[in-house]
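Q: I'd like a close look at one part of this model, with the packing around it. Could you walk me through it once the structure is up?

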Amino acid sequence: MSIPEGFTKPPQRLHVHGGLSTAVGYPLDTVKVRIQTEKHYKGFWHCVQETYRMEKIRGFYKGVSASVVAVSAISSVSFGTYKNFLWTICKLRYGAADAKPSKLDISLAGVAAGAVRVVLTNPSEVAKVRMQTQRNPYPSVTFQPVSKPKYEGSLHCLRVITKEEGFGGLYKGCSALLCRDCSASAIYFLSYSALCDWLTPPGKNKPGLLVVLLSGGFAGVLAWGIATPMDVIKSRMQIDEADQHKYKGLIHCVRESVRKEGAKVLFKGLGLNCIRAFPVNMVVFVTYEAVLRFTDHYINKK
């Protein structure tokens, strides 16, 4: 099997790309989390201006280390889980791992990948959200001594949460994250596969570079469109510290959020999620396809 036209030497592995894309897109993620969890921001630009005014550039990168480390490793695990689960399903249902999967098969493999992500990422998600919403005014802004922050870094944040809230504190918002990642992952892989099939010209058995770029980008946007309501709830549950107890669980958080702010609260950050999702997932799937095809090419040469 040769690598199709448009795919040259494959880029670095998925975990390298995952860390890079997270670092680049992290400021938007910080703004999104603050808009989702705090009422006083009037919109995107107001949040950006206030964050920069009070905390300067570093305010946009709080908790980035936890996110980069987690995403770097878990991008590979997530795609690996998806592919291996899909192969297993095909082998059980059709007798061959390389059989063409149905839409249901792809969706189930996507759900499995989402579930694995939740188990591995929830602690880093809690640390990331806590760091992103922690206020540390820049000294020159306040002209007063700055108090020591509760969380001094991602690892320190994880230690404090474990000490104050127990191991369960690391899995706050797990139910919302499970709903978010399982549904979004199913849509993600299913829409990517469907778009690739639709856009690939008859007679070609593999999508070209442009098809992969467009399919990956739109798959990311669709997935985040589905995921945003639970993303809002997840963030709100995860910032609920031990001494607050604002939310008793997933349903209570949804009910209280909608009661106080209306149904539109569930779509806070939707635009930011979609804007970020398109370019990031274009590159994610190009990387994924290139690595897969390079691996197939290498195996077939043996």
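Which residues form a nonpolar patch on the surface, and how much accessible area do they have together?

A: Bear in mind that this is a predicted model. The nonpolar patch on the surface is formed by W198, L199, L210, L214 and F218, and together they have about 550 Å² of accessible area. Two elements, α7 (174–199) and α8, each give two or more residues to it. The largest share is from α8, with three residues, while W198 sits in helix α7.

Let's stay with α7 for a moment. D197 is also in that helix, and its side chain meets that of K100 in a salt bridge, at 3.8 Å from N to O. K100 belongs to the loop between α3 (64–94) and α4, so to speak a distant part of the chain: the two partners are 97 residues apart. The count of salt bridges comes to 22.

Now for α8, the helix behind the largest share of the patch. Helix α8 covers residues 209–238, and its axis comes within 10 Å of the axis of helix α9 (residues 250–261), crossing at roughly 105 degrees. An angle from 65 to 115 degrees counts as roughly perpendicular, so that is how α8 and α9 lie to each other. On the α8 side the contact uses M230, I233, R236 and M237, and these meet L250, C253, V254, S257 and E261 in α9. By type, the contact residues are six nonpolar, one polar and two charged.

Helix α8 also packs against helix α4 (residues 103–133), with the axes 9 Å apart and an angle of about 75 degrees. That makes α4 and α8 roughly perpendicular to each other as well. Here K234, S235 and Q238 of α8 meet N122, E125, V126, V129 and R130 of α4. The residues of this contact divide into two nonpolar, three polar and three charged.

Notes. Residues are numbered from 1 along each chain as its sequence is written. This is a predicted model: local features need pLDDT of at least 70, side-chain atom pairs count only at pLDDT 80 or more; totals for chains, interfaces and linings use all residues. Side-chain values use heavy atoms; hydrogens and water are left out. Axes are lines fitted to C-alpha atoms, for helices over the stretch in contact, and angles run from 0 to 180 degrees between N-to-C directions. Helices (H or I, at least four residues) and strands (E, at least two) are DSSP runs, numbered from the N terminus. Angles under 35 degrees count as roughly parallel, over 145 as roughly antiparallel, 65 to 115 as roughly perpendicular and the rest as oblique. Contact means heavy atoms within 4.5 Å. Ala, Val, Leu, Ile, Met, Phe, Trp, Tyr, Cys and Pro count as nonpolar, Asp, Glu, Lys and Arg as charged, and the others, Gly among them, as polar. Patches are made of residues with over 30% relative accessible area and no salt bridge: like charges are joined within 9 Å, nonpolar side chains (Val, Leu, Ile, Met, Phe, Trp, Tyr) within 5 Å. Accessible areas come from the Shrake-Rupley method with a 1.4 Å probe; for residues, only the protein chains shown count as cover. A salt bridge is a side-chain nitrogen of Lys or Arg within 4 Å of a carboxyl oxygen of Asp or Glu.
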